[in-house]
Amino acid sequence: MKPSTAGWVFAAPALSVIGVFFAVPVLAALALSLTDFDIYSLAHIENLRFVAFDNYLNLLRNPLFWSALGNTLYFVAVGVPLSIAVSLGAALLLHSRLAWFKPLFRTAFFAPVVTTVVAVAVIWRYLLHTRYGLINWGLAQLGIDPVDWLGDPDWAMPAIILFAVWKNFGYNMIIFLAGLQAIPEDLYEAARIDGASPARQFRHITLPILGPVLLMVSILTLAGYFQLFAEPYVITQGGPLQSTVSVLYLMYEEGFKWWNLGNASAVAFLLFVLMTATTSALMWIARRKGVE
């Protein structure tokens, strides 16, 4: 057997799983998005009609879709860099020689990742409560007026971002920590002998070597943050004034509240195209900068 043939044979099981659980759903979503599939079509297939790109055109004319897209891009633009920065900072602290009780803090930082969103969301609703929340109590001690975190359209999305970063940064922290542990200590020792400050060591040693890890974390975080749903669904239900409605939340409402499954599939496919384009652009930029 030729080596190339043997490679395809060994890869066939994995490719089959990818085909069944990725390619087939994507093609099915594309097909449904070209129809008016709804609750009546579920009752009888003869009620299903082919509408071509009408669902996409209706979405582009729907102000709620653009509002949801803007909310999602705001969440991604602010949340992704903040989450990566917090994750990298926590990993650097845990990797430091001066850190004590590293297993304890590593477990504590990772605990929110494996905690159910609904459970921690209930706690955060109390923390963010306007009158009785711990956060507003702390602000009051500093002489700052209380903030209506979940009732003010200007503060609802920042509150969601804060919650999401706290909930998810531990996962990326573990990845960064593994990358930091793979950097040879000899490089830092040589830099210290040459008089390099910690900031210069971080810029010229840590960041370049962490480039591939940083790229992977960025792609994973982007993909996860584009799929914003659980946080606004549990905490704000899309309010106030639809300021926390995301693209995925809109898809949920179209598909499972109004049973417009054709429209929901169109939303899902547009989100898939947006995520693919964004991650492809990130990969292209990384290749241009020599990060592989």
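How many helices and how many strands are there in the protein chain? In this predicted model, the tally comes to 14 helices and 0 strands. Reading from the N terminus, then, the element order is simply α-α-α-α-α-α-α-α-α-α-α-α-α-α. Taken along its principal axes, the C-alpha trace of the protein chain covers about 75 × 75 × 30 Å.

Next come the annotated stretches. An unreviewed UniProt entry lists "transmembrane region" for residues 7-32, 73-95, 107-127, 155-183, 204-226 and 266-286. Two of these spans can be set against the model. Residues 204-226 come out as 96% helix and 0% strand, with 31 Å between the end C-alpha atoms. For residues 266-286 the figures are 100% helix and 0% strand, and the end C-alpha atoms sit 30 Å apart.

Helix 8 (residues 153-181) is a handy place to look at packing. Helix 5 (residues 102-110) meets it with axes that come within 7 Å and cross at roughly 140°. An angle over 145 degrees would count as roughly antiparallel, so at this value helix 5 is oblique to helix 8. On the helix 5 side, the contact involves Arg106, Phe109 and Phe110. Helix 8 answers with Phe169, Gly170, Tyr171, Met173, Ile174 and Leu177. Sorted by class, the contact of helix 5 with helix 8 holds 7 nonpolar, 1 polar and 1 charged residues.

Helix 6 (residues 117-127) packs on helix 8 too, here at an angle of about 130° and with the axes 12 Å apart. That angle makes helix 6 oblique to helix 8 as well. The crossing of helix 6 past helix 8 is right-handed. Val117, Val120, Ala121 and Trp124 of helix 6 touch Leu162, Phe163, Trp166 and Lys167 of helix 8. The class count for the contact of helix 6 with helix 8 is 7 nonpolar, no polar and 1 charged residues.

Charge pairing is the last item. Side chains of opposite charge can pair when their charged atoms come close. The structure has 4 salt bridges. One of them joins Arg49 to Asp36, whose closest N and O atoms are 2.7 Å apart. Where do Arg49 and Asp36 lie in the chain? Arg49 belongs to the loop between helix 2 (39-43) and helix 3 (54-60), while Asp36 belongs to the loop between helix 1 (3-33) and helix 2, so the pair ties together parts 13 residues apart in sequence.

Notes:
Residues numbered from 1 in each chain as written. Predicted model: local features only at pLDDT ≥ 70, side-chain atom pairs only at ≥ 80, totals over all residues. Heavy atoms only, no water. Axes fitted to C-alpha atoms, helices over the stretch in contact; angles between N-to-C directions. Helix = DSSP H or I, 4+ residues; strand = E, 2+ residues; numbered from the N terminus. Parallel < 35°, antiparallel > 145°, perpendicular 65-115°, else oblique. Contact = heavy atoms within 4.5 Å. Nonpolar A, V, L, I, M, F, W, Y, C, P; charged D, E, K, R; others polar. Left-handed = near helix turned anticlockwise from the far one by under 90°. UniProt positions renumbered as here; feature names shortened; annotations may be inferred. Salt bridge = Lys/Arg side-chain N within 4 Å of Asp/Glu carboxyl O.
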